[in-house]
Amino acid sequence: MSDGPDLALGQRTGLALCRGCLAVCEIGHHASTRCPRCGGVVHLRNPRNLERTSAYLVAAAILYVPANVLPVMHSSSLLAEQDDTILSGVVYLFRSGSWPLGLLVFVASIMVPLLKILAIGVLVWMSARRSHAHPLARIRLYRVVEFIGRWSLLDIYAVTILVALVRMGALASVQPRAGALAFAAVVVLTLLAAQSFDPRAIWDPIDAGGRRS
Amino acid sequence: MNEAAPTPGLLTAVVGRQRLPSVIWLIPVIAAAVGLWLVVHTWLEQGPTITIRFASAEGIEAGKTKIRYKEVEIGNVGAIAISPDRKSVVVTAQLSNDARDLLTRDSKFFVVRPRISGGMVSGLSTLLSGAYIAIEPGSADEPSKDFAGLEVPLVVAGGMPGREFVLHAQELGSLDYGTPVFYRRVNVGRVTRYSIQPDGQGIEIGVFIDAPYNGFVTANTHFWHASGVDISIDANGLKVSTESLAAIIEGGVAFEDLPDLPPAREPAPAGSSFTLYADRAQALRLPDRHRQRFSMYFPESLRGLSVGAPVDFRGIVIGEVRSLRVEYEEGFSRMRFPVELDVYPDRLWSRSRDGGPADAYSEAKSRTIIDQLVAHGMRGQLRTASLLTGQLYIALDFFPDAAAASVNWSRTDPVIPTLPGGLGEIQDTVGRIAKKIDRIPMERLSEELSRALVSLDATLKGGRALIGQVDSQVAPQATRTLAEAEKTLKEANAVLSRGEPIEKDVQDALKQVSQSARALELLADYLERHPESLIRGKPEDPR
């Protein structure tokens, strides 16, 4: 990988691309300007990207607690009625012998959101410290997080399908509970966090040639 | 690069103003608020947790059994444990928040087990999911979380308008908690409780009559067991009557005012006591205020007569058999079988002849009347009530030809004179017929019969001789004549059949002649049109 002071970068040349009309604008060393052609905001880096990402991340981390503690689904049938949290569903799947499925739900619904929050947290933290360490590993981690993010709504999908399908009046019915809302919010917030994180922030300290850590 | 000289083809971006920081930090704040609200909301929704003690947990299942108030679900049984003293079970239940007000110190809990009551199947889910725990909120202000459950279901919800009455019965029959009470076949109430009286001499049953109907219960009201089916056969045919299908299955109680008494418009006060009769007929019978005991001695066997058999005065039941006994004198020289009767004189003379109000009952008056009746020929008689079962009843009827008799009033149970009747009479008749048969002179009859047979024999012999004569003289002549006639007929037949071929020949010849004539006609015709053919012959067919 070619890297060094001779690498042509928008930051060094003072040029930025307007995302609205794809015009290359002279931006100089301003962080953010307006495109003279279309009036859209032009900036070298997503403004306050670390701040935004960490805000989304904090919100996601807060809601992660009710998402796992509160029941996501209320199922009632002739014989019984029960509230299920995500973890109780996993436990049920393990107990009833279908542990591969239980493992899948556990990984997709409990591990993935948690790991996403941690991974983005690490990325933000290292960028904020202007760390030079392992930029390639970090960008790979970012790609993985972004890729996985779109699969995290599995549980919400399952609950909504059940709610829509199982409507047999007194015989059986499924209703969403507050936990589902919190869980959906967690997933959406981690998606937003991953999106608002600007991977260029990984490289900026290296290009600036500041202190290495 | 020079900023002042912009590169050709590139646009110089316009510098915008910096926005105020940290609008984005509203998101975690909102998230925290929403998360907090969710947790607090869920926590607040969690209603009180209560414990109820029951004698047994039959039908209650942890996690499944519901707590219900007026059939609305207000909670769930969470756990069932055995009390420390091992004498009861402690049911821990989680109630919803809005049930908090129902939990006062005197609230009652009881287990409602699924019942298929004939009237209705209340909730299929109850049948499948088993029992549930019902709550009957109390009126105290003091809240409580520990309750002792009732062991018998509370049938009438508190505060329901209506009145409770007490019935006394000999036995419970098929009644149970919640058994319906009918008034004119409308379900107007139900059985709320029952218990054996402290002295063990009967059953006390509580019935609750719902509000608009409790006014129909007056001092004149009689209650009866409406369980089962009444089947009666009368002149109109078979009649099956029951209060309702439900009553057949689970029994019931019905009530009605006595028809003949002046209506008592004043409703009975709550808690009034009534007698529960075994059936409608018994309940609505006029109360028998007076009872007089009589005896009868019958000459025939009492087989088929049972205690309780009716005493029938020309179709009207005026009493019943009280007991059957055997009386003997020293040394068994003479056995007698007295039948003791209870007769209710009220039924006999409740009105005087001119239709005016009934005279007051008095023993002396009843004596004179009985004496008069007996003097007019009234006697007791055993009669068969049913040929099928051989049941007997006692009939009082008039026999003007009967030998004079009178009532012996000196005993505590005066003896009414009787006559042999029913089967006895038939037996007498059969005996008389047998005696007559006995008197027939069988020997003389047989002698006469044998003489008649001998003369018949002689007559038959004469007849046979006559037939023999016919056989030997008349029959041969007739045979000869017939043979001759046959021969003549055969000859005639032969002559006729011989003429047949001639006729046929003539016919054939005539046919041939007519054919020849037609051929000649054709030839002549042809020659006329083609005379040359005589010389040249017939030309060839062009085809």
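**View 1. A:Ile206 in helix α8 of chain A.** In this predicted model, A:Ile206 is found in helix α8, which covers residues 200–208 of chain A. Helices (H or I, at least four residues) and strands (E, at least two) are DSSP runs, numbered from the N terminus. A:Ile206 counts as partly exposed because it has 15 C-beta neighbours inside 10 Å; a residue is buried if 20 or more other C-beta atoms lie within 10 Å of its own, exposed if 12 or fewer, and partly exposed in between, with C-beta atoms placed from the backbone. Not counting residues up to four places away in sequence, A:Ile206 touches A:His132 and A:Pro135. Contact here means that the C-beta atoms of two residues, placed from the backbone, lie within 7 Å. Look also for A:Ser131: its C-alpha atom and that of A:Ile206 are separated by 8.0 Å, with the two residues 75 apart along the chain.

A word on the numbering and the model: residues are numbered from 1 along each chain as its sequence is written, while chains are lettered from A and ligands numbered from 1 in the order in which they are written. As the model is predicted, local features need pLDDT of at least 70 and side-chain atom pairs count only at pLDDT 80 or more, whereas totals for chains, interfaces and linings use all residues.

**View 2. Helices α6 and α7 of chain A packed together.** Helix α6 (residues 154–165) and helix α7 (residues 178–196) of chain A pack at an angle of about 145°, and their axes are 9 Å apart. Axes are lines fitted to C-alpha atoms, for helices over the stretch in contact, and angles run from 0 to 180 degrees between N-to-C directions. From α6(A), A:Asp155, A:Ile156 and A:Val159 meet A:Ala180, A:Phe183 and A:Ala184 of α7(A). By class, this contact has 5 nonpolar, no polar and 1 charged residues; Ala, Val, Leu, Ile, Met, Phe, Trp, Tyr, Cys and Pro count as nonpolar, Asp, Glu, Lys and Arg as charged, and the others, Gly among them, as polar.

**View 3. An open sheet in chain A.** Here 3 strands of chain A lie in the order β6-β5-β7, with antiparallel pairing. Two strands pair if DSSP finds at least two bridges between them. The edge strands, each pairing on one side only, are β6 (81–84) and β7 (172–176) of chain A. On average, neighbouring strands of this sheet are turned by 15° against each other, direction ignored. Strand β5 (residues 73–77) of chain A joins β6(A) over 4 bridges in the antiparallel sense, and A:Ser76 stands opposite A:Glu81 in β6(A).

**View 4. Strand β6 of chain B and its partners.** Strand β6 (residues 89–96) of chain B pairs in the antiparallel sense with strand β3 (residues 46–54) of chain B over 7 bridges. B:Ile50 has B:Ala93 in β6(B) as its bridge partner. Strand β5 (residues 72–82) of chain B is also antiparallel to β6(B), over 7 bridges, and B:Gly75 is bridged to B:Leu95 in β6(B). Between β5(B) and β6(B), which form a hairpin, come 6 residues, and B:Arg86 in the turn has a positive phi of about 65°.

**View 5. B:Gly138 in a loop of chain B.** B:Gly138 belongs to the loop between β10 (132–136) and β11 (146–148) of chain B. With 17 C-beta neighbours inside 10 Å, B:Gly138 counts as partly exposed. Its contacts, leaving aside neighbours within four places in sequence, are B:Thr104, B:Arg105, B:Asp106, B:Ser107 and B:Lys108.
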